[in-house]
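Have a look at the fold, then read on for the cores, the rings and the charged pairs.

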Amino acid sequence: MPKALSALACSEGLSKFASSAFCKEISEISYEQKSDLEKSILWCLDNNVDQISLLGFSGLRDDHNLSALQTLKIYSKDIRLTLYSNFSKIICIKEKMVFKSTPGQTVSIVTSEKSTNLSTHGLKYALKDKKLDHITQGLSNIAIGNQFSVEASKWVWVFQNYTS
């Protein structure tokens, strides 16, 4: 039976909150060329976890943030990953997906490859099988209702900025 893991990680910034009540099992994973995030995802895959919410993986550095986004792309075909940053909820998809939203919420869709066909519904600037060739073409759209959908022919990151 698949399991969902709501939060995964005790990064350096969160380690002061880790205690024996929260950290019951320590596993050594020997993937020297993998990041801690990748090792965590691989552990979840090995243990039949099918969904992970990731918190605190920006590393407070741009290179760590970019690495976390690339990791979302690499592993999203195997497991549902949602990354929560300081500013937004981020999911990487290559399919049609419906998202819950708040009217007025800023939504950006960033393509990872040229010639990505994209269709949206429920956003102020609707796209219908629009070919995106640059990452800036899907930035700063606006949700017009309580949900929107995105359908992409290639991998895209969907950023839902938090509302105040």
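## Cysteines first

A disulfide here is a pair of cysteine sulfur atoms within 2.5 Å. By that rule, the count comes to zero disulfides. Keep in mind that this is a predicted model.

Cysteine 44 has 0% relative accessibility, so it counts as buried. Cysteine 92 is buried too, with a relative accessible area of 5%.

## The overall layout

What does the secondary structure come to? The protein chain has two helices and 11 strands. Going along the sequence, the pattern reads β-α-β-α-β-β-β-β-β-β-β-β-β.

The chain has 164 residues, and 36% of them count as buried.

The largest nonpolar core has 21 residues, and the ones with the most contacts inside it are Ile52, Leu72, Ile79, Leu81 and Trp157. Which elements each supply at least two residues of this core? They are helix H1 (36-46), E2, helix H2 (62-75), strand E3 (80-84), strand E4 (88-93) and strand E11 (156-161). Apart from that core lies another one, of 16 residues, with Ile91, Val107, Leu123 and Leu127 among them.

Leaving out residues up to four places away in sequence, isoleucine 79 touches Ile41, Cys44, Leu45, Val49, Asp50, Gln51 and Ile52. Aspartate 50 has a relative accessible area of 38%, so it is partly exposed. The C-alpha atoms of aspartate 50 and leucine 81 are separated by 8.7 Å, with the two residues 31 apart along the chain.

## One ring pair

How many aromatic pairs turn up? The count comes to one aromatic pair. The ring centres of phenylalanine 99 and phenylalanine 148 are 5.0 Å apart and their planes sit at 10°, so the pair is stacked; the cut-off for stacking is planes under 30 degrees apart.

Phenylalanine 99 lies in strand E5 (residues 96-100) and phenylalanine 148 in strand E10 (residues 147-152), so the pair ties together parts that are 49 residues apart in sequence. Buried or exposed? Both phenylalanine 99 and phenylalanine 148 are buried.

## Three salt bridges

Searching the whole structure finds three salt bridges. Aspartate 63 and arginine 61 meet through their side chains at 2.5 Å, N to O. Aspartate 63 is partly exposed at 44% relative accessibility, and arginine 61 is partly exposed at 44% as well.

Next up are glutamate 113 and lysine 73, whose side chains meet in a salt bridge at 4.0 Å, N to O. Glutamate 113 lies in the loop between strand E6 (106-111) and strand E7 (116-121), while lysine 73 is in helix H2, so this pair ties together parts that are 40 residues apart in sequence. Glutamate 113 is partly exposed at 32% relative accessibility, and lysine 73 is partly exposed with a relative accessible area of 21%. Then there is lysine 77, which forms a salt bridge with aspartate 78, the closest N and O atoms being 3.3 Å apart. Lysine 77 counts as exposed at 57% relative accessibility, whereas aspartate 78 is partly exposed at 44%.

How values were computed:
Residues are numbered from 1 along each chain as its sequence is written. This is a predicted model: local features need pLDDT of at least 70, side-chain atom pairs count only at pLDDT 80 or more; totals for chains, interfaces and linings use all residues. Side-chain values use heavy atoms; hydrogens and water are left out. Rings of Phe, Tyr and Trp (its six-membered ring) pair if their centres lie within 6.5 Å; planes under 30 degrees apart count as stacked, over 60 as edge-to-face and the rest as tilted. Helices (H or I, at least four residues) and strands (E, at least two) are DSSP runs, numbered from the N terminus. Buried means under 20% relative accessible area, exposed over 50%, partly exposed in between (1.4 Å probe, protein chains only). A nonpolar core is a set of buried Ala, Val, Leu, Ile, Met, Phe, Trp, Tyr and Cys residues joined through side-chain atoms within 4.5 Å. Contact means heavy atoms within 4.5 Å.
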